[in-house]
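Morning, everyone. Please have the sequence and the model open. I'll go through a few sites in turn.

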Amino acid sequence: MKKWRVTGVDPSFELDIERVIGLFFPKAKVNPAGEEETDGFLDFVVREEGGQIIVSVTLNVLGRKDQTWVATDQKETIMSGTPKEIQRRVKHVIKHALLQVLEKATGTRQPWGILTGVRPTKLYHGMMFDQVPVEEAKRVLKQDYALLPDKVDLLDEIVQRQTTVLPDLYQLDQEVSLYIGIPFCPTKCAYCTFPAYAIQGRNGSVEEFLKGLHEEITAVGEWLHRHDRRVTTIYFGGGTPTSITADQLEALFLEIKQSIPNYDLVRELTVEAGRPDTLDVEKLALLKRWKVDRISINPQSFEESTLKLIGRHHTVRETLDKFYLAREMGLHNINMDLIIGLPNEGLDRFRQSLRVMEELRPESLTVHTLSFKRGSHMTRNPDKYRVAEGEEIAQMVQEARAWTRNQGYVPYYLYRQKNILGNQENVGYAFPGEESLYNISIMEERQTIIGLGCGAVSKIIPPGGGRLNRWPNPKEPQAYIDTVQEQTIKKLKALDQAYGTIHS
């Protein structure tokens, strides 16, 4: 079901229609150029009647008997609105009607309704910021966006938690956070599309990369001083930051402390140590000495055969040993990740992973649902990886929700991805008071995140609101090394435009 013909709507709506169809039929394409054959046909009738937009849609699956379904939807609108506002309402009703007919045709309910974006919490935050009453916000999500009730409750719990943890969340645009991208890993996982290169590879010298990163940190620090901007959080990600040596990591800490104004007022310092095969006593002692607030030691799975299949190249025993070593050395805010839907893993295997987590009790647990990301080894070789069906994926997501609640964890951030199994989500859970401030900030896009290093994306948000400007650094180490000075100058100019130049 990859080729679809659509008639009766403006071509500007085709991308949105394609995204809704893609929830049911991955890789679907609407009106593919030059294609004569088609798998499905959608005919829309859109009319305005008595102040309402009414949409009828007929779905016909070609070549199959009795495979025609019809649905209608309608929505009140103010016809005196701007053309752009009216077009947005028409698009909303079209998506809603299309969702109805596809659910009827396939017998599949979509847990997130017509939402296809990665940050549904932003929609809820927007309503809270506009002082929409909670019950009205929930009604809008259920009726207008067709979310299932358990997803609405999850959003409400997360947003309430975020505004408790960060009561100044809506004022954070006066500060910035920093993301430091270290693009090296011992090996690359089969599902990964992050900028991650084997540290022994030939994608650019580690030393040369770090030299460029130090220069970028210094330049950004000078900009922060000029603009008198405080840093909320600092997050080391990648790749795996602990792939570099302890001396190299300490040099970065020193550079940041010397460059960042009011370093002692930074609220949170996080280091992803996701691969346990990169940790040892020396590095853990360094993290403790530098008062790192939060680290990640990520098992992803507690099944040896799965780790080998996805290219992790470490053992379950190694994960457990490094977790207990970190505990012994005084690191008391540890996050661990699990991935729902890894190849050959179903509900029973996931329950076994939760039983291990019950023994470890990390301060936070991030439960990802597997996503077939474009460009990953897993996506390029799908026949090698057998994954669970949508119904079992949904069971595992529900199991995680119930288990975390029983163990005393609360959900505090959420995001979704394209091609995520079962059209589900990724959720960060934590014991109350142990939530990652950076994770909240990056997902809700309420402040500028300045990205430094390989593959780091700056999200520049002017104080007081305005259009978000994405500014990506090169993903490949040698490209970063070759262009870091030029790229930094351009990025600082973009920051100047957002914040206004301040002359000392």
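Contact, as I use it here, means heavy atoms within 4.5 Å. This is a predicted model: local features need pLDDT of at least 70, side-chain atom pairs count only at pLDDT 80 or more, and totals for chains, interfaces and linings use all residues. Residues are numbered from 1 along each chain as its sequence is written, and side-chain values use heavy atoms, with hydrogens and water left out.

Start with helix H5, residues 149-165. Helices (H or I, at least four residues) and strands (E, at least two) are DSSP runs, numbered from the N terminus. The expected span of a helix is 1.5 Å times one less than its number of residues.

Which residues of H5 are buried? Buried means under 20% relative accessible area, exposed over 50%, partly exposed in between (1.4 Å probe, protein chains only). The list is Lys151, Val152, Leu154, Leu155, Asp156, Ile158, Val159 and Gln162. They pack against helices H3 (120-129), H4 (134-144), H13 (390-407) and H14 (437-444), plus strands E14 (410-415) and E15 (426-430).

Next, Arg229. Look in the loop between helix H6 (206-227) and strand E9 (231-238). Arg229 is buried yet has no salt bridge. A salt bridge is a side-chain nitrogen of Lys or Arg within 4 Å of a carboxyl oxygen of Asp or Glu. Lys and Arg count as positive, Asp and Glu as negative; His and the chain ends are not counted. The nearest side chain of opposite charge is Asp173, 7.0 Å away. Leaving aside neighbours within four places in sequence, Arg229 contacts residues including Asp173, Trp223, Pro463 and Tyr499.

Now Thr242, in the loop between E9 and helix H7 (246-259). Buried or exposed? Thr242 is buried, because its relative accessible area is 0%. Its side chain makes a polar contact of 2.7 Å with that of Thr278. A polar contact is a pair of N or O atoms within 3.5 Å; within protein, one must be able to donate a hydrogen and the other to accept it, and residues adjacent in sequence count only if both atoms are side-chain atoms.

Last, the cysteines. How many disulfides does a search of the whole structure find? It finds 0. The cut-off is a pair of cysteine sulfur atoms within 2.5 Å. For Cys454, the nearest cysteine sulfur is that of Cys185, 12 Å away. Cys185 is buried at 9% relative accessible area, and Cys454 is buried at 2%.
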